[in-house]
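Here is a short walk through one protein chain. Keep the sequence and the 3D view side by side as you read.

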Amino acid sequence: VLDKSTSTWSEKTWSGLTSFNGSYIWTDGTDIYFSYGLNQYVLNKSTSTWAAKTWSGLTNFIGDYIWTDGTDIYYSNGSSQKVLDKSTSTWSEKTWSGLTSFYGNLIWTDGTNIYYSNGSTQYVLNKSTNKWSAKSWSGLTEINGNNLWTDGTDIYFSYGYQKVLDKSTPTITTTQCKPKFN
């Protein structure tokens, strides 16, 4: 666990689930879940205890395909598209137009819009119509959503080289004075 005030990492002990990969952790905005195949857990934050979680409609999935549009929670794994009813823990079929087979780990947001980026395949979501439309970028045109991240202000693409999104144009350009890590 990180002590943010001192930038110090220390050991953390969990109950119920003790060995897991953080990429399979996701949240519905209230609860925190671990999802890997048939291993489904929910975290009791006050006791640091992971308890088995039962879902309806989708029971075998991994957490890194979960994404949100800011309102709803979705699971996208190729042609398997689901939406979560949080009140009943039920996943049901979700139908999109424009783009119907895609992966949730390639979804990202600029804080306003939702994008799907997989190499040269680029889309933007119209949330009100559930329609994905082709998206063009200037600068860097082949990007993957799982290589994008934010510092809370800017959006970066990091894949051996560093790029930053100019949200006003929209252009993805080389960052200045940023170290390159290999």
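Start at serine 7. This residue is exposed, because its relative accessible area is 59%, above the 50% mark that defines exposed. Serine 7 sits in the loop between strand 1 (2-3) and strand 2 (8-9). Its backbone takes a positive phi, near 55°, and the residue is not a glycine.

Now step back to the whole chain. The model is a predicted one. How far can its residues be trusted, going by pLDDT? The average pLDDT of the protein chain is 89. A score of at least 70 is reached by 93% of the residues. Over residues 176-182, pLDDT stays under 50. For this stretch the model has five contacts beyond four places in sequence.

What does the secondary structure consist of? The protein chain has zero helices and 21 strands. Along its principal axes, the C-alpha trace spans about 45 × 45 × 25 Å. The chain has 182 residues, and buried residues make up 37% of them. The accessible surface comes to about 10600 Å². Carbon and sulfur atoms hold 48% of that surface. Contacts can also be sorted by distance along the sequence. Of those with a separation of 6 or more, 37% link residues 24 or more positions apart.

Strands of a sheet pair through backbone hydrogen bonds, either parallel or antiparallel. Look next at one sheet of this chain. Four strands form an open sheet in the order 3-4-5-6, with antiparallel pairing. Strand 3 (25-27) and strand 6 (49-52) are the edge strands, and each pairs on one side only. From one strand to the next, the twist averages 35°.

Three bridges join strand 3 to strand 4 (residues 32-36), and the two run antiparallel. Here tryptophan 26 stands opposite tyrosine 33 in strand 4.

Threonine 49 lies in strand 6. Is threonine 49 buried, exposed or partly exposed? Its relative accessible area is 27%, so threonine 49 counts as partly exposed. Leaving aside neighbours within four places in sequence, threonine 49 is in contact with Ser15, Val42, Leu43 and Asn44. Leucine 17 is 32 residues away from threonine 49 along the chain, and their C-alpha atoms are separated by 7.4 Å.

Serine 48 has a positive phi of about 55°, although it is not a glycine. Is serine 48 buried or exposed? Serine 48 is buried, because its relative accessible area is 13%, under the 20% limit for that class.

Move on to a hairpin. Strand 9 (residues 80-85) and strand 10 (residues 90-93) run antiparallel, joined by four bridges. Lysine 82 stands opposite glutamate 93 in strand 10. Four residues lie between the strands of this hairpin. Serine 89 takes a positive phi there, near 55°.

The largest nonpolar core has 13 residues. Which of them touch the most other members? They are Trp67, Trp96, Phe102, Ile107, Tyr116 and Trp132. Strand 13 (114-119) and strand 14 (121-126) are the elements that give two or more residues to this core.

Finish at tryptophan 67. This residue lies in strand 7 (residues 66-68). With a relative accessible area of 5%, tryptophan 67 is buried. Which residues does tryptophan 67 contact, leaving aside its neighbours within four places in sequence? The list holds Asp72, Ile73, Tyr74, Ser76, Trp96, Phe102, Gly104, Ile107, Ile114, Leu125 and Trp132.

Conventions. Residues are numbered from 1 along each chain as its sequence is written. This is a predicted model: local features need pLDDT of at least 70, side-chain atom pairs count only at pLDDT 80 or more; totals for chains, interfaces and linings use all residues. Side-chain values use heavy atoms; hydrogens and water are left out. Two strands pair if DSSP finds at least two bridges between them. pLDDT is the predictor's confidence in each residue, from 0 to 100. Contact means heavy atoms within 4.5 Å. Axes are lines fitted to C-alpha atoms, for helices over the stretch in contact, and angles run from 0 to 180 degrees between N-to-C directions. A nonpolar core is a set of buried Ala, Val, Leu, Ile, Met, Phe, Trp, Tyr and Cys residues joined through side-chain atoms within 4.5 Å. Buried means under 20% relative accessible area, exposed over 50%, partly exposed in between (1.4 Å probe, protein chains only). Accessible areas come from the Shrake-Rupley method with a 1.4 Å probe; for residues, only the protein chains shown count as cover.
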